[in-house]
Amino acid sequence: MSKASKKKYRGEVSDLIRKFGEALKAKKVLHDNKVFEDAAKQCQDGLCPVIAGIKIDYSNSWGYELRNVILNIPQKDKAKGIFPTDATVNTITFSAKVVGNYLNGEYAEDPFAHIELNIIALGKSKNGDDMRACWHFDRHLQSKKDKNKPIDSHPIYHFQFAGKNLVLPNNNYGEHLVLDTPRIMHLPLDAMLGLDFVLSNFLGEQRNVLSAYKPYADCLKEVQKHFWRPYIHSIAKKWDSYANANYNWDVNEICPQIF
Amino acid sequence: MRYLYLDDEQGRETRTIVELLESEVEGLVIITDAPKSFGDEIKRLKREEYDGLMFDLRLDVKSEAEYRAFTLAQEIRTRATEGTMRDIPIVVCSTDTKLKKSYNKDATGHDLFDRKYLKNEELVEKSDKVALELMALAKGYKEISKIKSKARGAGPQLKQFFGLKDDELAYLDIRLIEHFGKVEGRLPVHEYARFILNEMIFTSGPLVDASILAARLGVNKDSDDFQKLINDKLKSSIYKGPFNTYWKRWWWHSIENWWNKKVKENLAFMTATERLEALKKASKLENLTLQEPRNDGDSTYYWTICEFYKTPIDPVDGYLVQGKEPFAWQDSKYLSYDAVLSPESKASNIFPHQIEQERVKELFKMNSDT
């Protein structure tokens with residue numbers, strides 16, 4: 001890809017990030033959208049994040065980092081199913097590191113070189129003590145020759161509860177039993193898709209408002225087409241021709257996030 | 001630098017203020033007089049040459065003046081825009097009660113003044129700071145005027161005042177660079193001055209002050225090597241544009257570039273402890289100490305400072321401050337939770353934003369419970 005085309009590519013991604021942040025602010029889901037402005041700027045300027053310990057061809061990569069997006073949870077529609085039941089979830093923070101490849105054509109390979117999303121729910125116990133829960137989404141590619149290959153299943157894009165963020169100082173775990181949780185296969189998520197995932201799960205009402213807001217829906221439509229189409233079609237390719245089959249299964253029932 | 005200080009009270013208080021200010025910094029001369037009638041005052045200002053003006057808010061109580069500071073300042077700004085008067089800084093001063101009675105209630109005139117000062121609490125008690133500010137204002141106006149007169153053709157562009165090279169300018173947000181439009185024409189000096197002061201120097205974004213810089217680097221401002229760090233190691237990031245003689249600022253993009261080159265990990269994703277460790281290695285300075293959080297258990301992913309206590313906080317622990325909607329390239333301002341609870345922050349006119357209402361209510365409820 002030529003230098004000019006790379007710049008254009010980054011410009012398009014930055015525009016989406018910026019518009020996405022503006023949409024969240026416009027609908028008051030977010031109060032401070034500067035983090036999106038900074039991420040968009042980083043992407044646009046080609047200052048791809050350097051990821052330690054992972055081999056990345058930086059000459060062919062774009063990327064950005066989204067530091068703490070802060071979502072405050074209105075207490076009137078607070079998350080259900082919290083244990084202990086008298087605890088509250090007040091804030092969810094979301095941060096992301098995204099490194100992608102410049103792709104020629106829509107069905108090229110994996111669009112990402114690195115993905116790391118952290119979702120942290122912060123709350124208070126009945127006594128006012130801080131409580132937290134964390135989820136981690138990442139991309140993990142294993143070399144077939146890797147001697148240290150873990151026995152656990154490791155789908156390339158996966159979610160994991162806890163992760164390193166649940167490590168608390170002074171072994172303050174109470175009676176919490178923390179063990180390695182399964183890595184659950186999931187569609188690839190960049191920062192925008194990841195945040196939409198968080199909103200769909202924790203701030204349903206606001207997410208409904210947002211999904212009816214054209215600039216928000218347009219951003220996600222574009223991102224999903226870019227990142228999900230190759231992923232889903234690559235799985236679908238496993239079975240024979242499906243072009244003329246009669247499908248009755250509603251796609252939104254399978255994946256409510258699809259626009 | 002010569003200032004004209006107009007005050008209808010020409011008593012001892014005014015003389016004390018002038019003497020104090022003049023004694024604080026070399027080169028500051030303040031001539032004080034009672035305001036004349038409007039026409040005569042304009043004539044005087046056209047005839048005599050000053051580098052700055054200081055007005056008492058109420059000029060009309062004990063003098064022949066039939067006008068107040070707003071009216072005179074407006075006239076001077078208009079004439080400066082038309083080019084028939086020199087464009088120089090104008091500051092306003094008054095007592096707390098008078099400011100509260102009229103100045104604070106009506107925002108239309110605020111744009112006219114570069115600074116406002118309380119007579120006792122600032123002009124007297126903080127005369128050293130005010131004197132330096134007056135010098136910096138006058139000098140900054142001169143610099144803007146000089147750059148402006150050098151610019152040819154359509155006139156200067158905002159970016160020419162930043163003192164950055166072209167390759168550095170590329171790091172700034174295009175919406176900042178083009179704030180006054182692609183072709184700005186000849187804007188008056190005070191327009192540029194006001195924008196640089198209010199939007200760039202007093203609000204963080206492309207520029208940060210030493211407190212925010214320290215917060216983001218995870219380092220305690222009082223540690224021995226801190227001054228060496230910001231003035232020596234980070235010298236090339238120092239803002240060199242107008243008003244820099246008193247208001248020290250650093251270009252954030254430049255600090256970030258320095259960090260990324262040396263550390264190779266985004267500092268926003270590191271705790272204060274991790275940042276400090278990396279900073280010591282990168283700067284080769286040993287006597288830098290950790291900035292502890294203000295309250296136990298607070299996050300140390302510091303990004304800004306509490307508007308009231310001026311101590312580092314992670315916005316996650318903060319409450320957005322009520323105020324003007326920031327530009328896309330500016331940072332939002334935050335209060336720490338104990339500042340929200342403190343009656344003193346309200347007395348200083350710093351309030352949490354309307355949209356934080358629910359969280360504030362919860363906070364008060366939780367604190368009355370315990």
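A: The answer below begins with the interface and then turns to charged side chains elsewhere.

This is a predicted model, in which local features need pLDDT of at least 70 and side-chain atom pairs count only at pLDDT 80 or more, while totals for chains, interfaces and linings use all residues. Residues are numbered from 1 along each chain as its sequence is written, chains are lettered from A and ligands numbered from 1 in the order in which they are written, and side-chain values use heavy atoms, with hydrogens and water left out.

Chain B brings 29 residues to the contact, and chain A likewise brings 29 residues; contact means heavy atoms within 4.5 Å.

Three salt bridges count between chain B and chain A, a salt bridge being a side-chain nitrogen of Lys or Arg within 4 Å of a carboxyl oxygen of Asp or Glu. R175(B) is bridged in this way to E37(A), with 2.4 Å between the closest N and O atoms.

On the side of chain B that touches chain A, helix 16 (residues 357-369) of chain B supplies the largest share, four residues. Helices here are DSSP runs (H or I, at least four residues), numbered from the N terminus. By class, that side of chain B has 14 nonpolar, four polar and eleven charged residues; Ala, Val, Leu, Ile, Met, Phe, Trp, Tyr, Cys and Pro count as nonpolar, Asp, Glu, Lys and Arg as charged, and the others, Gly among them, as polar.

Over all chains, the whole structure holds 36 salt bridges. One salt bridge joins the side chains of K8(A) and E12(A), at 3.3 Å from N to O. These two residues are separated by about one helical turn because they lie four residues apart in helix 1 (residues 3-26) of chain A.

In chain B, R194(B) belongs to helix 9 (residues 189-201). The side chain of R194(B) makes a polar contact of 3.2 Å with that of E191(B). Beyond its neighbours within four places in sequence, R194(B) is in contact with D111(B), L112(B) and E199(B).

How values were computed: Polar contact = N/O pair within 3.5 Å; in protein donor to acceptor, adjacent residues only side chain to side chain.
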